[in-house]
Amino acid sequence: MKILKYIFIINIILLSSFAILKAEENAEENNEEKKGFQSVLDNRFFSIGLFSSADSIKTTVNLEFGFKIMKYNNFQIKSYTAVTGSKIYDDSPQMYQLGLMQKFTFGGNDEYRGKISIARYGFAFASFGFLSFDADRSGKFLFAKPYYWEVGGGAGFNINVSKHVGIVLEFGGGLHMVHNGKELGYPEKINKAGFGRISVGGRYYF
């Protein structure tokens, strides 16, 4: 487990560094771009996304709302908030999750310039939510204990196919934990575990 954590941290650092270096490279190649801080209120300020994720613990459907919070030269930071619903890989008992995920992306200019383009970025995220069944298999009200949380990061790609549409592909991982999960009787892979994750979907930009 410790080795996986170190590998995960190193990969996040390398991928985030790559996204930043790529943003700087693009800025040098596009001297016509405005310098310094710029308005984020462009034609890609706000987006709605729908995508699915699969990791070593569960499958998830995400409904995402995002907007730009900073634009400096060719470097951008975006904020994404997603409502997430998951099915855990465990049928004894069957367990589901409902939660919120907050994600920040750091990368190059993400704009459509009349042709298909790829925007690369690194990201960090945190999630919080609820499990829908108790360890003794009795049903419970969804917005009650136990709670779960996740933290992690990774790297992603926006494949911009039109002015308003982009395809999302993300790779990452992190740490998943159920609060007091051991005392509640949840298996170790659900109570506290590292995971890798891949996400595929789309975003619509306004």
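This is a predicted model: local features need pLDDT of at least 70, side-chain atom pairs count only at pLDDT 80 or more; totals for chains, interfaces and linings use all residues.
So, the lining of the largest cavity: its residues divide into 6 nonpolar, 10 polar and 5 charged. Residues are numbered from 1 along each chain as its sequence is written, and side-chain values use heavy atoms, with hydrogens and water left out.

Back to that cavity. By cavity I mean a set of points, on a 1 Å grid over the protein atoms alone, where a 1.4 Å probe fits but cannot get out, and lining residues have an atom within 4 Å of a point. How much space lies in the largest cavity? About 170 Å³, where the volume is the space filled by probe spheres set on the points, and grid points are joined across faces, edges and corners. Its lining has 21 residues, and Ser53, Asn62, Met101, Arg197 and Ser199 are the ones nearest the centre. As for who contributes, the elements giving two or more residues to that lining are β1 (46-55), β2 (58-72), β3 (75-91), β4 (94-108), β5 (117-131), β6 (147-160), β7 (165-178) and β8 (192-205). The largest share, 4 residues, comes from β7. Those labels follow DSSP runs, numbered from the N terminus: H or I with at least four residues for helices, E with at least two for strands.

The count is 2 cavities of 30 Å³ or more. Around it sit 13 lining residues, with Lys78, Thr105, Gly108, Asp110 and Tyr121 nearest its centre. Here β3, β4 and β5 each supply at least two residues, and the lining divides into 5 nonpolar, 5 polar and 3 charged.

Okay, zooming out to the whole chain. We have 3 helices and 8 strands, and reading along the sequence you get α-β-β-β-β-β-β-β-α-α-β. Of the 206 residues, 42% are buried, buried being under 20% relative accessible area, exposed over 50%, and partly exposed in between (1.4 Å probe, protein chains only). The accessible surface comes to about 10900 Å², 67% of it belonging to carbon and sulfur atoms; that's Shrake-Rupley with a 1.4 Å probe, and for residues only the protein chains shown count as cover. On contacts, meaning heavy atoms within 4.5 Å, 64% of those with a separation of 6 or more are between residues 24 or more positions apart.

Now a few individual residues. Start with threonine 60, in strand β2. Why does threonine 60 count as buried? Because its relative accessibility is 6%. Its side chain makes a polar contact with the side chain of serine 86, at 2.7 Å. A polar contact is a pair of N or O atoms within 3.5 Å; within protein, one must be able to donate a hydrogen and the other to accept it, and residues adjacent in sequence count only if both atoms are side-chain atoms. Leaving aside neighbours within four places in sequence, threonine 60 is in contact with Phe51, Ser52, Ser53, Thr84, Gly85 and Ser86.

Over in strand β5 there's serine 127, also with a relative accessible area of 6%, so it is buried. Beyond four places in sequence, serine 127 is in contact with Leu100, Met101, Tyr148, Trp149 and Glu150.

Then glycine 166, in strand β7. Glycine 166 is buried because its relative accessibility is 2%. Not counting residues up to four places away, glycine 166 touches Ile159, Asn160, Gly201, Gly202, Arg203 and Tyr205.

From glycine 114 to serine 162 is 48 residues in sequence but 7.4 Å in space, C-alpha to C-alpha. Asparagine 73 is in the loop between β2 and β3, and at 23% relative accessibility it is partly exposed. What about its phi? Asparagine 73 has a positive phi of about 50° although it is not a glycine. Most residues other than glycine have a negative phi.

Terms used
On a 1 Å grid over the protein atoms alone, a cavity is a set of points where a 1.4 Å probe fits but cannot get out, and a pocket is an open set with protein on both sides within 12 Å along at least five of seven lines; lining residues have an atom within 4 Å of a point. Ala, Val, Leu, Ile, Met, Phe, Trp, Tyr, Cys and Pro count as nonpolar, Asp, Glu, Lys and Arg as charged, and the others, Gly among them, as polar.
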